[in-house]
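User: I would like to go through this model with you and ask about its contacts, one point at a time.

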Number of protein chains: 2
Amino acid sequence: MTSTALLTDRYELTMLDAALRDGTGHRRSVFEVFSRRLSGGRRYGVLAGTGRVLDAVTRFRFGGPELEWLAAEHVVSPATIDWLADYRFSGSISGYREGELYFPNSPVLTVEGSFAEAVILETLILSVLNADSAIATAAARMVSAAHGRPLAEMGSRRTQERAAVSAARAAWIAGFAATSNLEAGRRWGVPTMGTAAHAFTLLHDSEEEAFRAQIEAMGADTTLLVDTYDVMSAVETAVRLAGPELGAVRIDSGDLPVVVQAVRARLDELGATGTRITVTNDLDEYAIAGLAASSVDSYGAGTRLVGGSGHPTAGFVFKLVERADDDGAMRPVAKKSVEKAGSGGRKWAFRRLEDGVAVEERVVVADDEPTLADARALVVPLVTAGTPDPAHVGVEGVRNAREHHARVLAELPPDAMRLSGGDTAIPTVLR
Amino acid sequence: MTSTALLTDRYELTMLDAALRDGTGHRRSVFEVFSRRLSGGRRYGVLAGTGRVLDAVTRFRFGGPELEWLAAEHVVSPATIDWLADYRFSGSISGYREGELYFPNSPVLTVEGSFAEAVILETLILSVLNADSAIATAAARMVSAAHGRPLAEMGSRRTQERAAVSAARAAWIAGFAATSNLEAGRRWGVPTMGTAAHAFTLLHDSEEEAFRAQIEAMGADTTLLVDTYDVMSAVETAVRLAGPELGAVRIDSGDLPVVVQAVRARLDELGATGTRITVTNDLDEYAIAGLAASSVDSYGAGTRLVGGSGHPTAGFVFKLVERADDDGAMRPVAKKSVEKAGSGGRKWAFRRLEDGVAVEERVVVADDEPTLADARALVVPLVTAGTPDPAHVGVEGVRNAREHHARVLAELPPDAMRLSGGDTAIPTVLR
């Protein structure tokens with residue numbers, strides 16, 4: 001079990017050290033994760049990473065290597081080293097289900113415990129949620145732009161090697177059909193896909209030999225990459241070798257609408273009417289939307305997807321919103337400074353629906369969860385007394401998140417699917 | 001030793017399977033990593049990640065969990081499963097030193113071996129180099145914009161949790177002074193920094209109590225965060241409690257040039273003339289340049305840095321440029337398609353200097369390394385017969401990369417430091 005404990009900003013531990021020293025570290029505290037706005041005028045955000053947060057919190061333990069390094073570097077005092085050696089998060093975490101939509105000021109995650117045990121999770125929780133939600137949000141836009149045609153995530157090479165695995169997971173939750181990333185398949189149960197690159201064609205003495213080798217290894221229903229030399233010749237060679245059972249051809253360059261039209265016509269002339277066309281050239285939601293009228297059967301999205309389509313982080317912050325006084329009474333707290341003022345108090349959230357269509361994100365400050373008519377409660381328990389709910393973690397958590405996402409996306413008004421920047425699909429009302 | 005073997009696109013393994021089956025997998029092959037252009041009209045790129053590539057290649061082994069999953073999913077044939085079980089890269093890797101500058105078509109990494117053993121490294125090598133170089137390039141621009149004032153990397157929360165560690169490493173190589181990320185300190189020897197967040201102030205009954213607790217734990221030369229409530233009152237409280245020995249104040253919001261000027265004046269009035277001012281509000285190279293005339297002593301950069309300042313990936317590709325025929329003769333190969341045509345043949349590179357100033361990136365196609373007068377040879381051996389050179393890996397590799405970067409950056413013409421988009425600092429000439 002790899003420790004996640006040092007995936008942390010130094011100031012979390014120096015704050016911890018000072019708070020343990022003066023006794024305030026034991027004050028009961030409530031931290032809230034929210035985003036002040038949606039990047040790029042997006043209409044909605046897609047929360048992803050929750051299951052990975054719960055897993056990472058479970059592995060947030062300080063073992064020998066971590067403690068020795070912290071002691072040698074004098075990051076914290078010896079008393080705090082002892083405290084960290086026994087550390088295990090024993091508080092509670094509640095929040096939006098993974099895959100849920102969010103809007104400005106949606107309280108997507110709430111962490112409750114002592115200040116000491118909760119504050120040190122800040123960096124790790126934000127790293128996971130900011131990265132995964134940025135990609136899930138971009139992915140959801142691409143899925144809606146594709147109007148039902150399947151999308152494969154293939155951006156592993158365009159993002160850090162471990163980030164690639166979580167990117168594939170996030171895209172799958174937001175409706176992608178598959179990934180190229182094998183570890184995402186093994187770790188999270190995401191279907192994997194892929195057949196061959198240009199190097200395979202160049203390795204062989206001719207394109208024909210390469211295609212023949214691929215068909216022998218993978219069968220006639222494989223996907224042949226047809227743009228290493230001349231696309232139309234490659235299409236002819238492909239159908240000649242594989243027959244009309246050829247699964248698909250992939251096009252990775254050129255002016256796609258024009259090339260796709262020519263390839264479709266030639267495939268049909270050759271009798272390969274069932275052979276599909278997949279395109280994979282730096283696609284984002286706008287390029288995908290621009291191919292709506294083309295005979296494309298599926299898309300591969302890489303660079304732009306794993307970069308959050310221009311917005312690689314979701315903008316979530318982790319803020320102390322309530323903490324105990326010396327007498328134990330809870331007190332709402334908030335920063336007051338320019339442009340980053342917060343709103344104190346423990347919060348709950350509801351999505352109000354009219355005739356099954358979402359109309360409002362209602363956020364309510366209250367100690368205990370209120371009830372609201374005609375509204376879906378958004379905050380659910382995720383971790384109780386340090387133990388994660390199994391429905392939200394591992395492969396099962398990912399599957400549930402994907403299903404939940406599809407369900408709640410269907411609640412949005414049709415206008416929410418516009419790709420242009422503008423107002424959020426529904427307003428957030430804080431009561 | 002965590003395996004890196006499944007941090008791979010599925011098509012690498014399906015190509016491998018087909019190439020082993022028809023015998024072409026044993027053809028001697030040369031793969032080259034290069035970038036067709038620099039993102040965003042940048043003047044130069046900074047190569048980072050090489051040491052992590054060498055480490056990742058060493059850990060590219062298929063153990064029980066990987067092989068069982070590949071077999072169960074039928075990704076490859078049983079014969080290929082056996083081949084993977086024995087896999088260990090035995091070829092050679094050469095390339096630019098980590099920290100080196102690069103330009104369009106610079107051959108930054110060359111991998112030689114059988115097609116089979118080399119092709120399956122593609123995804124992993126690109127993931128590492130694309131992510132790390134994007135961040136190092138953005139970091140170098142911020143460093144030059146800061147004109148000698150130190151910069152701290154603090155973007156962990158705005159990128160995936162493991163990507164955060166490599167981001168801190170890349171920024172350090174490109175001249176940053178420190179990071180907030182503890183694991184980057186432990187794993188790569190990057191100096192770490194950080195004191196407290198707003199939550200620490202909000203935890204206490206007053207700002208004064210928070211500051212007192214921090215000074216008791218960390219000493220008077222700590223950095224106090226002064227923008228939780230009212231900046232000027234906080235500055236007064238800070239100096240009253242810490243005295244003129246107060247190390248620094250940190251400002252994380254507001255109109256920085258205005259606030260900084262007022263804070264500097266107040267600190268000086270209070271006699272805290274040695275107290276430094278650090279600012280940390282979503283800075284990029286342009287915001288840093290805009291603070292050149294302000295009394296800022298150091299900067300913290302996060303969100304924009306780890307997002308590559310708008311360009312989160314470096315655009316490196318991994319292309320087969322030469323491979324053996326059946327008779328063993330090596331043959332240059334290249335893709336011919338629209339907009340992505342390559343240039344075949346094994347390449348070497350030199351930086352031509354005149355009076356110590358770089359004037360040209362000279363790339364030469366040749367089997368063996370030529371010599372060139374008045375030029376620095378850029379390609380060095382990194383892995384020989386599967387074994388990495390220790391000077392390029394681990395903590396020593398990072399230290400060497402940082403030193404090398406500073407040295408070669410100083411060779412660029414002054415014009416190269418312009419932040420605006422435009423031509424590269426020197427042209428690449430392919431002979």
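Analyst: A salt bridge here is a side-chain nitrogen of Lys or Arg within 4 Å of a carboxyl oxygen of Asp or Glu. Please keep in mind that this is a predicted model.

User: Why does the salt bridge of Glu161(A) and Arg52(B) join two chains?

Analyst: The side chains of Glu161(A) and Arg52(B) meet at 2.6 Å, N to O, and both residues are buried. Because Glu161(A) lies in helix 7 of chain A while Arg52(B) lies in helix 2 of chain B, the pair joins two chains.

User: How many salt bridges does the rule find across the interface of chain A and chain B?

Analyst: One that links the chains is formed by Glu122(B) and Arg157(A), whose closest N and O atoms are 2.9 Å apart. Over all chains the count comes to 67 salt bridges, while across the interface of chain A and chain B the rule finds twelve.

User: What is the area buried between chain A and chain B?

Analyst: The interface brings 99 residues of chain A into contact with 99 residues of chain B. Arg157(A), Leu182(A) and Leu203(A) supply 11% of the area that chain A buries against chain B, more than any other three residues. Carbon and sulfur atoms give 58% of the area buried between the two chains, which is about 7900 Å².

User: Where on helix 15 of chain A do its buried residues fall?

Analyst: Helix 15 covers residues 394-409 of chain A, and its buried residues include Gly397(A), Val398(A), Ala401(A) and His404(A). The buried residues of this helix pack against several elements of chain A, among them helix 6, helix 7 and strand 16. Seen down the axis of helix 15 of chain A, the buried residues fall within an arc of 130 degrees, so they line one face of the helix.

Definitions and conventions: Residues numbered from 1 in each chain as written. Chains lettered and ligands numbered in written order. Predicted model: local features only at pLDDT ≥ 70, side-chain atom pairs only at ≥ 80, totals over all residues. Heavy atoms only, no water. Helix = DSSP H or I, 4+ residues; strand = E, 2+ residues; numbered from the N terminus. Expected span 1.5 Å × (residues − 1). Buried < 20%, exposed > 50% of the residue type's maximum accessible area, 1.4 Å probe, protein only. Arc of directions from axis to C-beta. Contact = heavy atoms within 4.5 Å. Buried area = accessible area lost by both parts, 1.4 Å probe.
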